[in-house]
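Hello,

Here is the structure I promised to pass on. Please have a look, then read the notes below.

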Amino acid sequence: MKFDTVVKNAMIPQGDRLVPATILVKDGVIAGIVNGEMEPHLLEGVNVIDAEGNMVLPGCIDSHTHFMDPGFTHRETFLDGCKAAAAGGLTTIIDMPCCSVPSVRGVAEMENKLNAIKPQAIIDFGLWGGVTGEDVRNEVHYKIVREQADAGVVAFKVYMTPSVPSYPRVTDPEMLECFKAVAETGLPIGIHAENYAMCDFYVQKFQKEGRMDGPAWSEARMPLAEKVAIQLGISFAEATGARLHIVHMALGEGAILVGEAKKRGLDVTSETCPHYLVLDYKEAMSKYGAFAKIAPPLRSREDNELLWQGLQNGSVDFIATDHAPYEIPTEKAAEDMTIWTAFPGIPGVETMVPIIISEGYNKGRIKLSRLVEILSRNAAIHYGLYPKKGAMEIGSDADFTIIDLNKEWVIDQEKQYSKAKYTPLHGMKLKGKVVKTVVRGKVVYDEAKGVIGEPGYGEFVKRQTISKLDRKITF
Ligand SMILES: [Zn+2]
């Protein structure tokens, strides 16, 4: 038998068209693609996944999650995170190094994390590596960057602002040192781009002035603080040859800066998140307060629009979630907690794909070929997982996200698989819903049955190669 599983009645992307196809799978890998339907007798004895005429995308990837395990499992376990991701149509996630105990800043901590999370994985996952200001001060940054790169991490993350206490921020010169160390590996360095001194100064100023409203968070951590941080990152990338990646870019003007850097030939890339595309800070932070508190903060409608444009013109390379759930009674809405003291972060893996389908593709903002790139292909290339991941090609993993483009539904925070039953996207009406998620030929989520993937099925995917995205800027 040349195949053991088929996905029938699939509508698959071919450039900007959807065409009917049957996808053949053998041992979890794509073995062939047949135009239209196959004779029923050819499917005897074969596991059949019926796509029912829906769109089938190469498995969608979220390359920016904080699944909080091991160490912060009161917020999320890796299993909870995987369930939520599977329900959101994600077949691979890439988890950040900071939100675990211990945080990942070397191979020993990475092995410790893998031991804790592997048995819980329902979908496939990769790992970010870690390096902090403290590692630079201890002069171990070259060593730990090299050892994690050799162990298969896809990239490295640094924070310009404080986040997790066990993952200290970098000062500007410490960030430069991290850029130099990571540049030697050929891997990307992702930065949380906000100028700490500016954020800290204006947060304190606003507090003194008695501001306690939700929007104050966004106004204190102002657009200019993100802009100058992105500009510094670009300058450091130019000076060191490092591949700079701006994670969770909230600032619309950031897309222009990144686009201009690409045009100058620099290896600068960026991602944005669904909430930065569809939420206005004044509306969302007035309505949801701490439940809409994130860093960088939500911005304006104008920023939403510039980021959509960036996604289509190539200056924003892909979508990720920054999924960072917190416990409501202790970390979001504890007694005496204010907009200044509540923890910043929201869940996102269940709503990323549907929002991009509904507000991007179905509304004509994003073409089909670009949809495939921003949800799957580009993250896979950028992080060296392509063509195992991010491709609907012979020999690629049989990972699929099956989407009913016409189904209308409403985001309900209570129904999320994530432990965090809140989201500032609560109540949003969408058109387009994930109906099945398939990882290496196995259905792990079926809308009718819920999450049916087995913990431990998901595999750790090491970086396969070093590969870069084309700089194709169309503005
Ligand atoms: Zn993050």
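How many bridges join strand β7 to β8? There are 4, and the two strands run parallel. Strand β7 covers residues 90-95. Within this pairing, isoleucine 94 stands opposite glycine 126 in β8.

Two notes on the source. This is a predicted model: local features need pLDDT of at least 70, side-chain atom pairs count only at pLDDT 80 or more, and totals for chains, interfaces and linings use all residues. Residues are numbered from 1 along each chain as its sequence is written.

The sheet: β6-β7-β8 is the order of an open sheet of 3 strands, paired in parallel. (Strands pair if DSSP finds at least two bridges between them.) β6 (60-65) and β8 (124-127) are at the edges with a single partner strand each, so one side of each lacks a neighbour in the sheet. Neighbouring strands are turned by 20° against each other on average, direction ignored (axes are lines fitted to C-alpha atoms).

The whole chain: it has 15 helices and 18 strands (DSSP runs, numbered from the N terminus: helices are H or I, at least four residues; strands are E, at least two). The radius of gyration is 21 Å, close to the 23 Å of the globule rule for 475 residues, so the chain is as compact as a globular protein of that length (taken over C-alpha atoms; the rule is 2.2 Å times the number of residues to the power 0.38). The C-alpha trace spans about 75 × 45 × 45 Å along its principal axes.

Best wishes

How values were computed
Axes fitted to C-alpha atoms, helices over the stretch in contact; angles between N-to-C directions.
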